[in-house]
Amino acid sequence: MNTSSKRTGANLGWSTADALDLYRTDAWGKGYFGINDLGHVVVRPHGNPSQEIDLFEVVQGLAARDLATPVVIRFSDILANRLRQLSEAFASAISENDYRNRYAAVFPIKVNQQRLVVEEVFRYGREFGFGLEVGSKPELLAVMSITENSPDRLVICNGFKDESYIEAVILATKLGRTIIPVVENFEEIHLILKQARLHEVRPRIGVRVKLASEGAGRWRESAGEKSKFGLFITEILNLHALLAQHDMLDCLQLVHCHTGSQLQDIRRVKDPINELAHVYAELKSMGAGLQYIDIGGGLGVDYDGSGTNYESSMNYTLNEYASDVVYRIKSVCDARRVPHPMLISESGRAIAAHHSVLVFDVPGRSQLDQMRISNGGSDEAVDRDALPAPVRDLYDSFRTVSERRLVECYHDAFQAREQALQMFNLGYLNLEFRGLAERLFWGTCAKIRDLCRKLDEIPEELADLEVMLSDTYFCNISIFQSLPDSWAIGQLFPIMPIHRLNERPTRNAVLADITCDSDGKIDRFVHPRETKRTLEVHDLVAGERYYLAAFLVGAYQETLGDLHNLFGDTHVVHIRLHDEGGWWIEEIVKGDTANRVLEYMEYDTDELSPRLARDCERAVREGRISLAQSQAFKRFYETELDGYAYLEGD
């Protein structure tokens with residue numbers, strides 16, 4: 001039977017609707033991702049099924065342009081759509097609550113510092129009056145250039161500040177920027193006052209409030225009284241008095257708080273916003289020139305699509321978030337009879353996460369349940385009486401597996417394997433019998449697993465068999481470079497095949513990267529009720545590339561990545577919808593070559609080839625290789641130095 005007929009037989013009763021349900025594409029995709037009739041993942045940058053891009057077609061198109069996987073594909077139109085949705089959600093909440101001011105997002109560039117992304121956010125945010133946020137002097141220097149001739153766009157400056165950082169802010173103020181340094185610790189106000197006098201500027205000043213309200217989720221420690229930055233109320237009162245002493249109370253224009261990142265519970269949003277609003281109202285009543293409330297980040301992303309307060313999800317919508325923020329600030333201001341401030345949020349994750357997809361291929365796998373008793377796979381090939389006792393017990397367990405004896409056969413096989421391993425370690429079992437014991441054990445487990453799949457309820461002792469017998473699919477990526485949060489903090493990302501989705505996936509796998517580190521793997525996957533330990537994938541077909549993709553990777557992953565095993569940045573491609581249908585490439589950023597990553601580690605790449613050439617000449621002189629082989633070897637070495645740092649296949 002050929003491969004295509006095997007696939008047809010396996011796909012009876014399977015459709016792309018089943019794939020949508022299995023991988024929960026609609027739940028976490030929020031309308032941006034789907035599956036077409038060809039079984040390919042499609043991208044809908046505006047959430048409109050009539051305008052979609054075939055992701056598999058894009059990957060094939062990139063391969064034809066010599067851009068092999070792994071590759072990060074950024075869909076710029078999704079980025080624009082996220083900004084629009086954020087603006088519309090707050091505009092609706094402002095209208096419904098009769099709020100008498102406006103809203104603006106500022107994008108924290110730490111979320112994705114890549115120049116093309118920051119420039120796109122700034123460009124697409126122009127019609128909404130959105131700005132940028134920086135957390136360091138280098139980030140500020142970059143943003144000062146990007147915000148050329150944009151006096152109406154906010155620049156918020158967070159992070160620890162020295163005198164040169166403050167001076168850069170003051171000079172940017174003189175250039176006409178609407179720039180606000182946020183006082184994170186009390187000493188910064190003295191630097192601001194000093195530079196303001198020196199350059200004769202009356203700056204806009206913000207202050208981060210160290211709230212009593214605690215954070216929630218994975219980053220709960222970034223909020224509350226033990227948070228890293230911010231001023232206690234006593235310090236804010238001292239700052240107020242100091243500004244009044246210098247006749248600069250009108251310069252205190254913004255109060256800011258940080259509620260935490262990826263807030264999954266809407267209740268943890270309400271309390272700090274309410275507390276911050278009261279701080280604003282008090283300071284405003286005390287004569288401060290406050291015009292802005294900056295509620296910081298925290299707006300979550302539903303990575304697993306469950307809509308719960310699980311740490312990789314969120315139990316609220318964007319509209320609910322905007323409505324709660326607007327309502328609570330308005331209620332406090334009306335009760336205290338102070339003007340409504342302009343609302344600012346730093347929702348970087350919610351802006352950037354959806355627009356980037358990491359696509360990678362699977363060059364190989366390891367399978368436990370493919371072990372056989374003999375090369376021919378025939379039970380009769382084994383002479384039972386000639387087997388050592390524990391191997392004979394394993395053989396009997398294998399032959400007698402039945403639905404009524406599943407747990408018993410598993411226990412017998414497990415005990416017999418332990419005995420066989422003890423005999424081997426004592427020198428009483430040869431390597432051939434050790435190999436047979438291994439094949440018998442895993443073959444028994446596979447038979448038990450297959451029968452368990454037919455049961456309505458799986459015995460507790462056998463619940464982990466699927467995970468035990470799962471394949472390892474080796475993926476052409478470095479987790480540490482491209483998905484560092486998956487490794488470092490256990491962040492879940494939706495992962496699924498991008499093609500063959502009209503075929504039933506018949507294998508369960510964990511994903512391992514191509515680094516030499518045992519931590520370089522993914523063994524937690526999205527599920528509506530609990531985290532899955534394996535991913536449903538298709539059997540690999542000889543001669544065909546199999547592609548998987550990790551979605552919602554546009555926030556933090558690119559800038560947090562490292563150079564473990566010298567796997568550098570992947571290719572990055574910006575894809576846009578074409579006005580007349582289809583897609584086009586707006587920008588290509590080539591991934592790191594071997595040369596470049598070696599330079600990062602301070603290798604003198606100009607010396608690498610000459611050193612090898614000298615070795616080749618010695619080998620030719622000593623007759624170990626021919627001159628032609630030497631020349632071919634040098635050409636190969638130089639080509640590989642200039643080649644992609646990842647596996648490139650044939």
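Contact here means heavy atoms within 4.5 Å. The model shown in every view is predicted.

**View 1. Tyrosine 547 and its contacts.** Tyrosine 547 sits in strand β20, residues 547–550. Setting aside neighbours within four places in sequence, Tyr547 is in contact with Phe56, Val59, Thr69, Val359, Phe360, Asp361, Pro497, Ile498 and His499. Tyrosine 547 and proline 70 are 477 residues apart along the chain, and their C-alpha atoms are separated by 9.5 Å. Tyrosine 547 counts as buried because its relative accessibility is 9%, and the cut-off for buried is under 20%.

**View 2. Leucine 55 in the largest nonpolar core.** This core has 157 residues. Leu55, Ile73, Ile329, Val359 and Phe551 have the most contacts inside it. Beyond neighbours within four places in sequence, leucine 55 is in contact with Val41, Val42, Val43, Ile73, Phe75, Val357, Val359, Ile498 and Phe551. A second, separate core holds 25 residues, including Ala413, Ala420, Ala437 and Phe441.

**View 3. Strand β7 and its two partners.** Strand β7 spans residues 154–157. Leu154 and Ile156 point one way, Val155 and Cys157 the other, and all are buried. Strand β6 (residues 131–134) runs parallel to β7, joined by three bridges. Valine 134 has cysteine 157 as its bridge partner in β7. Strand β8 (residues 178–183) also pairs with β7 in the parallel sense, over four bridges. Here leucine 154 stands opposite threonine 178.

**View 4. The salt bridge of glutamate 184 and arginine 208.** Their side chains meet at 3.1 Å, N to O. The pair links distant parts of the chain, 24 residues apart: glutamate 184 is in the loop between β8 and α9, and arginine 208 is in strand β9. Both residues are buried.

**View 5. The salt bridge of aspartate 324 and lysine 270.** The closest N and O atoms are 3.8 Å apart. Aspartate 324 lies in helix α12 (residues 318–336) and lysine 270 in helix α11 (residues 267–285), 54 residues apart. Aspartate 324 counts as buried, at 14% relative accessibility. Lysine 270 counts as partly exposed, at 23%.

View 6. Arginine 618 and aspartate 615 meet through their side chains at 3.0 Å, N to O. Both lie in helix α22 (residues 605–621), three residues apart, about one turn of the helix. Arginine 618 is partly exposed, with a relative accessible area of 36%. Aspartate 615 is partly exposed too, at 44%.

Notes: Residues are numbered from 1 along each chain as its sequence is written. This is a predicted model: local features need pLDDT of at least 70, side-chain atom pairs count only at pLDDT 80 or more; totals for chains, interfaces and linings use all residues. Side-chain values use heavy atoms; hydrogens and water are left out. Buried means under 20% relative accessible area, exposed over 50%, partly exposed in between (1.4 Å probe, protein chains only). Helices (H or I, at least four residues) and strands (E, at least two) are DSSP runs, numbered from the N terminus. Two strands pair if DSSP finds at least two bridges between them. A nonpolar core is a set of buried Ala, Val, Leu, Ile, Met, Phe, Trp, Tyr and Cys residues joined through side-chain atoms within 4.5 Å. A salt bridge is a side-chain nitrogen of Lys or Arg within 4 Å of a carboxyl oxygen of Asp or Glu.
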